[in-house]
Amino acid sequence: VEAFQDWLYVDWLGVEDDFQGRGLGKYLLRRSLKELYDIGYRHASISCAANNGRAFAFYSNCGFRAFDWSYIFVHKKR
C-alpha cells in the first residue's frame, strides 16, 4: 500500500480551444508535476480517450508513455 501513496493520478487536464497552442497546457502540467514532486509524489499517471490523438501526442511529448488501454462502459438510462 505504501508504494501506491507515491502515485498521483490526474483525471483531466484541458485548455479551452481559444487558448490552445500557446503553451498553457504544458505550463500547467509541468508546474503541477513539480509541485507534486516537491511534496512527495514520485510517479504520475494521466489518462485520455483512446481516440484523442492530440492529447496522446501532448502527454507523450511531456514525458508520459502509454502503459495500458482501458475501456469505459457507460450505462444509458432507457
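The buried residues of H1 pack against S2 and H2; contact here means heavy atoms within 4.5 Å, and buried means under 20% relative accessible area, exposed over 50%, partly exposed in between, with a 1.4 Å probe and protein chains only. This is a predicted model: local features need pLDDT of at least 70, side-chain atom pairs count only at pLDDT 80 or more, and totals for chains, interfaces and linings use all residues. Residues are numbered from 1 along each chain as its sequence is written, and side-chain values use heavy atoms, with hydrogens and water left out.

**Overall layout**
- The protein has two helices and two strands, in the order β-α-β-α from the N terminus.
- Helices (H or I, at least four residues) and strands (E, at least two) are DSSP runs, numbered from the N terminus.
- Of the 78 residues, 14% count as buried.
- Among contacts between residues at least 6 apart in sequence, 63% join residues at least 24 apart.
- The protein exposes about 7300 Å², and carbon and sulfur atoms supply 54% of it. Accessible areas come from the Shrake-Rupley method with a 1.4 Å probe; for residues, only the protein chains shown count as cover.

**Helix H1**
- Gly25, Leu29 and Leu33 are the buried residues of H1. They lie on the same side of H1, because they cover an arc of only 55° around the axis. The arc is that of the directions from the helix axis to the C-beta atoms.
- Tyr27 and Asp38 are exposed on the other side of H1.
- Gly40 follows H1 and has a positive phi, near 125°.

**Nonpolar core**
- The largest nonpolar core has 10 residues, including Leu8, Val10, Ile46 and Phe64. Strand S1 (7-10), helix H1 (24-38), S2 and H2 each supply at least two residues of this core.
- Such a core is a set of buried Ala, Val, Leu, Ile, Met, Phe, Trp, Tyr and Cys residues joined through side-chain atoms within 4.5 Å.
- Beyond its neighbours within four places in sequence, Leu8 contacts Leu36, Tyr41, His43, Ala44 and Ser45.

**Ser47**
- Ser47 sits in the loop between strand S2 (43-46) and helix H2 (53-61).
- Ser47 counts as partly exposed because its relative accessibility is 33%.
- Not counting residues up to four places away in sequence, Ser47 touches Tyr9, Val10, Asp11 and Tyr59.
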